[in-house]
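Subject: The structure I promised you

Hi there,

Please have it open in your viewer while you read.

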Amino acid sequence: MNVLDISHVSKRYGSKQVLDDISFQVSENEIIGLIGVNGAGKTTTMKAILGLLKTDAGTITLCGERVQFRVLPSDHRIGYLQDVPEFYSYMTAKEYLGFCGKIAGIRADERQKQCAEILEFVGLAGEKARIGGYSRGMKQRLGIAQALIGSPKLLICDEPTSALDPLGRHAVLELLSQIKSKISVLLSTHILSDAEHVCDRIVLLHHGKIILSGNLDAIRQLHAELGIRLTLQNQQDIGTVCSWYPDAQTDGNTLLIRSAEPDFMQQIMQFLTGAQISPVRLEQMQPNLEDLFMEEVAE
């Protein structure tokens, strides 16, 4: 079942086409990466999903119900985490979550239960300090907690790791990985390694169009050539390999040899055996998301 269904959505600001006939779905219990450079259309897409922006064409359906401009769902089906969330600095995490739950209309007993469970989940259950003294990472985890109030079906995260250090990024990504067992996630990001780490599928936006989408492993096989990284011990062996593979790129004693042939590793191993060359290291490289991104955007 699809939690979110975006069908042929377009949006124009004056003469600029910001979204151009985009369509994609988010299923239950998965994380979709909405990726692209600044200005690609990610924020416009999220605003449309949240009912904050009127589109020119197409439909957006959330949990089977059509999203309408300025009509927000009343049953907490959607949670939202902005890139740098703001809080009342004088409150504690417990006070703030209770405040958010009250605004959302959750009963007092259920509100208390939800807040305790969510704070435990994000690792802030024992935190007594005021929010004003929190680190960026702690604030982002509290932002996730706030977005989970009401048990939404879909969590939208807008660049949630952009302002974090490596430890903070890791903590947030781990939380998102755990969340998907109960809640679907739409993760907007331009940090490609983050999307590669947690996303089940990706949607690549460029100039308002979807230029690449699908399962990341399947995309790798279809859209980028494979490569072999070969490290050798002496210059004579490097010269022998380069004489057979003149397009090889060299970096000291390491060579990078690219090929689209699926059995290229086997070919290289047979060649090395026949030439009586013993490699120090031999590994098959898989294209990463950055390779795919650059390949598609450059076309």
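Below is what I found, going from the whole chain down to single residues.

**The chain as a whole**

Please keep in mind that this is a predicted model. The chain contains 10 helices and 14 strands, and its C-alpha trace spans about 75 × 50 × 35 Å along the principal axes. Of the 299 residues, 45% are buried. If we take contacts between residues at least 6 apart in sequence, 67% of them join residues at least 24 apart. The accessible surface is about 15700 Å², with 48% of that belonging to carbon and sulfur atoms. For the charges, I count 29 positive and 36 negative side chains, and the centres of these two sets are 12 Å apart.

**The nonpolar cores**

The largest nonpolar core is made of 47 residues, and Leu 142, Leu 155 and Leu 176 have the most contacts inside it. Helix H4, residues 136–148, gives the most to this core, with 6 residues.

Ile 49 takes us to helix H1, where it is one of the buried residues, along with Lys 42, Thr 44, Thr 45, Met 46 and Ala 48. Helix H1 covers residues 42–49 and has 6 of its 8 residues buried, so it is largely enclosed by the rest of the structure. After H1 comes Gly 51, with a positive phi near 80°.

**Cysteines**

How many disulfides does the structure hold? The count is 0. For Cys 63, the closest cysteine sulfur is that of Cys 157, and because the separation is 16 Å, the two are too far apart for a bond. Cys 63 is partly exposed, at a relative accessible area of 24%. Cys 157 is in no disulfide either, its nearest cysteine sulfur being that of Cys 199 at 9.9 Å. Cys 157 is buried, with a relative accessible area of 0%.

**Backbone angles to look at**

Most residues other than glycine have a negative phi. Two residues here are worth a look for that reason. Asp 21, which is not a glycine, has a positive phi near 55°. Asp 21 sits in strand S2, residues 16–27, and is partly exposed at 43% relative accessibility. Gln 276 is also not a glycine and has a positive phi of about 55°. Gln 276 belongs to the loop between helix H9 (264–274) and strand S14 (281–285), and at 73% relative accessibility it is exposed.

Is Pro 85 buried or exposed? With 12% relative accessibility, Pro 85 is buried, although it lies in a loop, the one between strand S6 (78–81) and helix H2 (93–103). Apart from neighbours within four places in sequence, Pro 85 contacts Lys 139, Gln 140 and Gly 143.

Gly 123 is in the loop between helix H3 (108–122) and H4. Gly 123 is exposed, at 52% relative accessible area. Its C-alpha is 9.7 Å from that of Leu 175, which is 52 residues away along the chain.

Finally, Val 297 is in helix H10, residues 289–297. Val 297 is partly exposed, with a relative accessible area of 24%. Which residues does Val 297 contact, leaving aside neighbours within four places in sequence? They are His 206 and Ile 211. From Val 297 to Arg 220, 77 residues apart along the chain, the C-alpha separation is 15 Å.

Best wishes

Methods. Residues are numbered from 1 along each chain as its sequence is written. This is a predicted model: local features need pLDDT of at least 70, side-chain atom pairs count only at pLDDT 80 or more; totals for chains, interfaces and linings use all residues. Side-chain values use heavy atoms; hydrogens and water are left out. Helices (H or I, at least four residues) and strands (E, at least two) are DSSP runs, numbered from the N terminus. Buried means under 20% relative accessible area, exposed over 50%, partly exposed in between (1.4 Å probe, protein chains only). Contact means heavy atoms within 4.5 Å. Accessible areas come from the Shrake-Rupley method with a 1.4 Å probe; for residues, only the protein chains shown count as cover. Lys and Arg count as positive and Asp and Glu as negative; His and the chain ends are not counted. The place of a charge is taken as NZ of Lys, CZ of Arg, CG of Asp or CD of Glu. A nonpolar core is a set of buried Ala, Val, Leu, Ile, Met, Phe, Trp, Tyr and Cys residues joined through side-chain atoms within 4.5 Å. A disulfide is a pair of cysteine sulfur atoms within 2.5 Å.
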